[in-house]
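Subject: Two-chain model, handover

Hello,

Here is the structure you were expecting. My notes on what I found in it follow below.

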Amino acid sequence: MDSKGAGATDRRLWQRWQALGGKPRAAEPDALSLAAYAEGRLTEAEAEAVEAWLAAAPEGLDDIVAARAFDQRPPRLVYEHILSNACDLVPGAAPANIANLMLRRQPPRWRNALAWSSIAASLVCASMVGFSMGSDAYANLAGTQTADSASEVLGTPPSLDTLDNYFSDDSGT
Amino acid sequence: MTDAVDLQALIRGEKTAWNGFVRRYAGLILSAVRGTARHGIDVEDIVQEVFTRLCKDDFRLLKTYDAARAGLSTWLTIVARSTARDMQRRRQPALTPIDAVPEMLLAVTAEPKEKLRLPDGLLSPRQKLVLTLLYEREMEVAEIAAALGIDPQTVRSTHHKAMLKLREHFADSDAAREVK
């Protein structure tokens with residue numbers, strides 16, 4: 001037998017058997033028996049009954065393989081409306097203590113208002129500081145642009161006469 | 001994920017227990033049915049159908065679960081996939097795919113029909129299963145071994161013994177026919 005299956009002769013032999021009605025007829029085991037089979041918890045006789053059914057309905061083996069593989073796959077996230085629909089299948093209300101806990105978890109309204117006010121005030125402050133800093137930066141930028149005409153900024157340099165008068169001042173300053 | 005859940009409270013129909021059960025296992029059920037949904041059936045419908053089955057008739061199905069025999073997750077996976085298959089069966093027309101029909105039945109010049117009675121118990125259930133998986137599902141030996149939770153060598157020896165029995169059976173029947 002190769003890894004893919006048996007040879008053509010064996011296959012024909014099997015088909016001949018099948019044509020004779022060799023397909024077994026076995027009752028479908030319940031889900032618990034299949035689950036126990038998947039976990040290897042059945043006795044030999046019980047496992048034989050499951051395998052007799054599997055031989056007739058091999059698609060059932062996919063369920064067993066999927067059940068075995070459960071531990072290797074994380075559960076999927078489920079949309080809230082699916083959960084809600086399933087929860088609604090059983091009538092009744094959540095117990096009062098749970099409802100109270102849920103209510104208690106909600107923050108009071110004044111705390112919400114305070115939080116929003118703080119956020120708004122922070123935004124206003126931030127924009128004012130930003131505006132002020134922007135204005136200063138603009139002013140500095142304007143000074144830089146006129147720096148090459150330094151005489152306009154600093155004024156006309158004093159003449160030598162003026163300097164002499166300044167240093168010869170009697171006041172000595 | 002552990003299977004710890006208050007089954008007694010669940011079966012009593014306690015709403016809190018049911019809601020907790022739904023939230024805990026909906027993801028598992030969704031995973032289980034995800035690969036099976038075909039023929040335009042919405043996966044969400046299948047998940048809802050699984051939960052409906054579990055709580056229907058005063059939790060009749062859920063009451064059949066026995067923690068001593070199998071884990072709850074394993075059992076739920078089987079229930080979910082079985083539900084999905086049932087839904088598909090109900091919706092799809094009753095047609096047999098041509099691949100599922102044995103070649104001998106499709107042959108125009110059919111071979112003479114066997115007049116021999118099929119002996120009961122010629123092949124054991126496991127031998128039939130291994131041959132079915134090999135020849136009908138075209139599975140590899142390693143795949144079969146993994147699916148059945150047995151050693152690949154056991155699959156090979158099971159196949160070998162089954163073939164010996166079939167060869168012997170058909171050799172005898174052919175010889176008997178030639179004598180007649």
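This is a predicted model, in which local features need pLDDT of at least 70 and side-chain atom pairs count only at pLDDT 80 or more, while totals for chains, interfaces and linings use all residues. Residues are numbered from 1 along each chain as its sequence is written, and chains are lettered from A and ligands numbered from 1 in the order in which they are written.

From first C-alpha to last, α3(A) reaches 19 Å, close to the 18 Å expected for its 13 residues at 1.5 Å a residue (1.5 Å times one less than the number of residues). Val50(A), Glu51(A), Trp53(A), Leu54(A) and Ala55(A) are buried in α3(A) (20 or more other C-beta atoms within 10 Å of a residue's own, C-beta atoms being placed from the backbone). These buried residues pack against α2 and α4 of chain A and also α6 of chain B.

The contact between the chains takes 58 residues from chain A and 62 from chain B (two residues are in contact if their C-beta atoms, placed from the backbone, lie within 7 Å). On the side of chain B that touches chain A, α2(B) gives the most, with twelve residues.

The largest nonpolar core has 66 residues (buried Ala, Val, Leu, Ile, Met, Phe, Trp, Tyr and Cys joined through C-beta atoms within 7 Å). Its largest share, ten residues, comes from α2(B). Ile144(B) is among the members that touch the most others; its contacts include Val130(B), Leu133(B) and Val155(B).

Regards

Note on methods. Helix = DSSP H or I, 4+ residues; strand = E, 2+ residues; numbered from the N terminus. Buried ≥ 20, exposed ≤ 12 C-beta atoms within 10 Å, placed from the backbone. Lists of a residue's contacts leave out its neighbours within four places in sequence.
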